[in-house]
Amino acid sequence: MKLIGGGVVLAAAGAGGFVALNQPSRAAREAWRVAGQESEFRRRFLSYALLAPNPHNRQPWLVQLEGDDALTLYVDLERRLPATDPVDRQIILGCGAFLELLRLAAAEEGYEAKIRAFPDGAPDTTGRLDARPVARVQFAPSAAKADPLFAHVLARHTNREVYEPRDVEPAKLAALVAAGSAFGLAAHTCGNDQTAEQLRSLTWRAHEREATTAYTMQESIDLMRFGPAEVARHRDGLSMEGPFLALGTLAGVVTPEALADPTSAAFKQGLDMYRPLAASARAFAWLTNDGATREGQLAAGRAYMRLTLEAAAQGLAVHPWSQALQEYPEIADLYAEVHALIGGGQTLQMLVRVGYAKPVPPAPRRGLEAHMLS
């Protein structure tokens, strides 16, 4: 194998070993294999909750166990995304997903998880988060029934592949709407229609805007983990694994510096790799509410968790394609455009592409101890 222009050649005899050594790290995904094995019931529920989707895989959750039946959730303020999420809205959505998965895990064993959002108050939606807790949760045994969505927790993965040229059946889109319309959120979908065509264009332009805005692109680059060893070391961020990327890294073509340079071949090729993703979206789903409170953002994350689990139940792939919903200044015109197109006078909290795609491995997770406060 040869990487054109990079000067790296692998003889056929060594290519198989090179490919084998550069497969996705199993160690980085250990949390998916051990979920549910904790002996203490709250830690057992938390071992599932940490598998929740979250922005840039920052996993910004800190948990304090309290007494023998409660816990408090905080945001790790060092794990926010100040460039692309300057008001911490996406971080709160990730906390909402965590809490809903915690609730589902508890219900599976008959426990009701009583969630009190922002018990000590919260900044308004235009400010930044602080050290105050996001939620307090108290567990009541024998007070809840299992939810069928929990069966799909380990199958739910964000799928960034090119989707198949196959329309999503209306009944499956309706199932997503039913699952995501919860906690005051309204879920919406469109199939392969005129709205989808407009969204394919808009979401691509938003992705391109983020990639060509230096400081927002640099935020992503700083969170890229190159190769299985680095992925295993960090177990967060954006995993850059696989033989093709390994060849590029070995050749010195794929580097953080090159990816930050809009004139480099690596930058242009990286952008080109995403074009087929945008073009392959055959359906979209989105969530709206009034956007007025932090509690509403937390609820949006909970609703999104349910929508993604229903997608897994329906055999569908989903991928957040929400760059146009971000609140940094350079994206403001596209933010207005997407809200005019599908916002319906409400605030768009999530926008995802939906379709069929080959399975992908789960995202890395840091493990339970990384989230526990003593």
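This is a predicted model: local features need pLDDT of at least 70, side-chain atom pairs count only at pLDDT 80 or more; totals for chains, interfaces and linings use all residues.

Visitor: What is the mean pLDDT of the chain?

Guide: pLDDT is the predictor's confidence in each residue, from 0 to 100. The chain's mean is 93, and 91% of its residues reach 70 or more. Over residues 1-10, though, the pLDDT is below 50, and beyond near neighbours in sequence that stretch has 22 contacts in the model. A contact means heavy atoms within 4.5 Å.

Visitor: How do you know that strand 4 and strand 6 pair?

Guide: Helices (H or I, at least four residues) and strands (E, at least two) are DSSP runs, numbered from the N terminus. Two strands pair if DSSP finds at least two bridges between them. Strand 4 (residues 70-75) and strand 6 (residues 135-140) have 4 bridges, in the antiparallel sense, so they count as paired. One spot to look at is Thr72, opposite Arg136 in strand 6.

Visitor: How many bridges join strand 5 to strand 6?

Guide: Strand 5 (residues 112-117) is joined to strand 6 by 6 bridges, and the two run antiparallel. Along strand 6, Val137 is the bridge partner of Ile115, and Ala135 stands opposite Ala117.

Visitor: What makes strand 5 and strand 13 edge strands?

Guide: They belong to an open sheet of 5 strands in the order 5-6-4-3-13, with mixed pairing. Strand 5 and strand 13 (372-373) each have a single partner strand, so one side of each is left without a neighbour in the sheet.

Visitor: Which helix packs on that sheet and touches strand 5?

Guide: That's helix 4 (residues 89-108), which touches strand 3, strand 4, strand 5 and strand 6, its direction making about 160° with that of strand 4. Helix 3 (residues 41-49) lies across strand 3 (61-66), strand 4, strand 6 and strand 13, at about 165° to strand 3. For these angles, axes are lines fitted to C-alpha atoms, for helices over the stretch in contact, and angles run from 0 to 180 degrees between N-to-C directions.

Visitor: What is the order of the open sheet of 4 strands?

Guide: The order is 7-10-12-11, with antiparallel pairing. Strand 7 (186-190) and strand 11 stand at the edges, each with a single partner strand, so one side of each lacks a neighbour in the sheet. Strand 7 and strand 10 (residues 283-289) are joined by 5 bridges, and Ala186 stands opposite Thr288 in strand 10. Helix 12 lies across strand 7, strand 10, strand 11 and strand 12 (347-355), at about 155° to strand 10.

Visitor: Why is one space called a cavity and another a pocket?

Guide: On a 1 Å grid over the protein atoms alone, a cavity is a set of points where a 1.4 Å probe fits but cannot get out, while a pocket is an open set with protein on both sides within 12 Å along at least five of seven lines; lining residues have an atom within 4 Å of a point. A search of the whole structure finds 1 cavity of 30 Å³ or more. The largest cavity has a volume of about 50 Å³, and its lining includes Val75, Phe118 and Arg132.

Visitor: Which residues lie nearest the centre of the second largest pocket?

Guide: Ala155, His157, Asn159, Leu316 and Ala317, out of 17 lining residues. Helix 12 gives the largest share of that lining, 3 residues.

Conventions
Residues are numbered from 1 along each chain as its sequence is written. Side-chain values use heavy atoms; hydrogens and water are left out. Grid points are joined across faces, edges and corners, and a volume is the space filled by probe spheres set on the points.
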